[in-house]
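Open the model in your viewer and keep the selection tool at hand. The tour below goes from stop to stop, saying what to select and what is there.

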Amino acid sequence: MSHAVTLIRGDGIGPEVAAAARTAIDATGVKIDWVVVDAGVAMMERYGTPLPEEVIDAIKSTKTAIKGPITTPVGTGFRSVNVEIRKRLNLYANLRPAKSIVGVKSYFQNIDLVIVRENTEDLYAGIEFAYTSPEAAKARAFLSDLSGKPIREDAAIGVKPISVLGSDRILEFAFKYAKANGRKKVTAVHKANIMKFTDGLFLERAREIASRYPDIVFEDRIVDNMCMQLMQKPELYDVMVMPNLYGDILSDLCAGMIGGLGVAPGANIGDECAVFEAIHGSAPKYAGQNKANPTALILSGVLMLQHLGEMEAAQRLQAAVEKVIAEGRFVTYDLAAPGKEPVGTQEMAAAIAEYAAP
Ligand code: NAD
């Protein structure tokens, strides 16, 4: 069976890491019908937008996409294409695994964690008012009247919506992911001791959803304690699910634990569509130099193969990445040992492809 997949090349180092990921994924022998589209700064001149409608149409039709990073130009009035894609396609689950790779420098070893971050609500919902604005004045008056608590006259206001629907679907996603991927434990991360009604709701829903998955161990942790526990006993944790802001912070913490951005994959998943992408950005200073590390997008390809149900091929590709990095002969500049000559993006991908073949 073949799978239709949209390949969004992106800009900066995007086209190079996207080509590398395609080489490595194709090498697994899984049949992919690629629909190649472009988004990003170069598209602005041609279409007047960095996100042409044909990109959204392509993802809607193939349901699955893998995406190179895209620059968010500062001061042009264009919003982030990455955020726009997530919004347009309602990709509410942000999946960020963090797995140690031997040969990547890090203070931690044997890390194998998965962060499931809610992608649409919380303080990220974008409901914010500048402290000088009439809206903030109105909000301050309304909220202090409603709560009976004073709010300083020079306070900016942000809103933290957490809903039953938003919580339920991300929690269901985390438990289903754990079950499908042989994971043993799900930890809900929150600050419900202080934010009793927002994070409290998230925790209440987590307990309810957990009761539907008796085979998966469930526990919860307060976010500050969670950070300390990850530094001291990361081996106690497995899948962690949390609202948007904590997920943003903890997923970078976990990426740091495995050696940083060059090796950290990710995915944005909704009920209809899924878009797989590295956590890193378009690193414009390395664009066109065949220098960038393709690992993060290739590992995003591993997540994509899992999502497509190609578990054996996914495992083979993951093992191929690990072998090439452990051997250290065909790795990019950021992974090369002192005194060893690094190779380029495509050469590293070719070495991974060789080991990933059936
Ligand atoms: P960045 O991740 O692009 O680069 C930061 C630094 O990390 C680089 O200078 C480089 O030293 C290193 N780096 C990143 N990826 C690497 C790789 N694959 N191989 C080797 N080294 C790598 O972050 P930035 O400079 O803050 O952002 C650049 C642009 O990317 C911005 O316009 C930003 O908005 C955008 N961005 C896009 C995405 C996305 O497409 N999802 C994510 C983050 C940032």
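Buried means under 20% relative accessible area, exposed over 50%, and partly exposed in between, with a 1.4 Å probe and protein chains only. This is a predicted model, in which local features need pLDDT of at least 70 and side-chain atom pairs count only at pLDDT 80 or more, while totals for chains, interfaces and linings use all residues. Residues are numbered from 1 along each chain as its sequence is written, and side-chain values use heavy atoms, with hydrogens and water left out.

**Domains**

Colour the model by domain, with bounds that come from an automatic or database domain assignment. Domain 1 covers 1-103 + 264-358, domain 2 covers 107-121 + 162-257, and domain 3 covers 125-161. Between the C-alpha centres of domain 1 and domain 3 there are 40 Å.

**Two loop residues**

Select Lys63, in the loop between helix 3 (53-62) and strand 3 (64-67). Helices (H or I, at least four residues) and strands (E, at least two) are DSSP runs, numbered from the N terminus. Lys63 is not a glycine, yet its phi is positive, at about 75°. With a relative accessible area of 39%, Lys63 is partly exposed.

Next select Asn110, in the loop between strand 4 and strand 5. Asn110 also is not a glycine and has a positive phi, of about 55°. Is Asn110 buried or exposed? Its relative accessibility is 74%, so Asn110 counts as exposed.

**Salt bridges**

Show the charged side chains. A salt bridge is a side-chain nitrogen of Lys or Arg within 4 Å of a carboxyl oxygen of Asp or Glu. How many salt bridges does this rule give? The count is 21.

Select Arg96 and Asp252, whose side chains form a salt bridge at 3.3 Å, N to O. Arg96 belongs to strand 4 (residues 93-99) and Asp252 to helix 9 (residues 244-257), so this pair links parts of the chain 156 residues apart. Arg96 is buried at 13% relative accessible area, whereas Asp252 is partly exposed at 43%.

Move to Lys160 and Asp122, a salt bridge in which the closest N and O atoms are 3.3 Å apart. Lys160 sits in the loop between strand 7 (157-158) and helix 6 (164-180), and Asp122 in the loop between strand 5 (112-118) and strand 6 (128-129), so the pair ties together parts 38 residues apart in sequence. Both Lys160 and Asp122 are buried.

Then select Lys191 and Asp224, where the closest N and O atoms of the salt bridge are 2.9 Å apart. Lys191 is in the loop between strand 8 (185-190) and helix 7 (199-210), and Asp224 is in helix 8 (residues 223-232). Lys191 is buried, at 19%, and Asp224 is partly exposed, at 45%.

**Helix 8 and helix 9**

Show helix 8 and helix 9, whose axes come within 11 Å and cross at roughly 5°. Axes are lines fitted to C-alpha atoms, for helices over the stretch in contact, and angles run from 0 to 180 degrees between N-to-C directions. Contact means heavy atoms within 4.5 Å. Val223, Met226, Cys227, Leu230 and Met231 of helix 8 make the contact with Tyr246, Leu250, Leu253, Cys254 and Met257 of helix 9.
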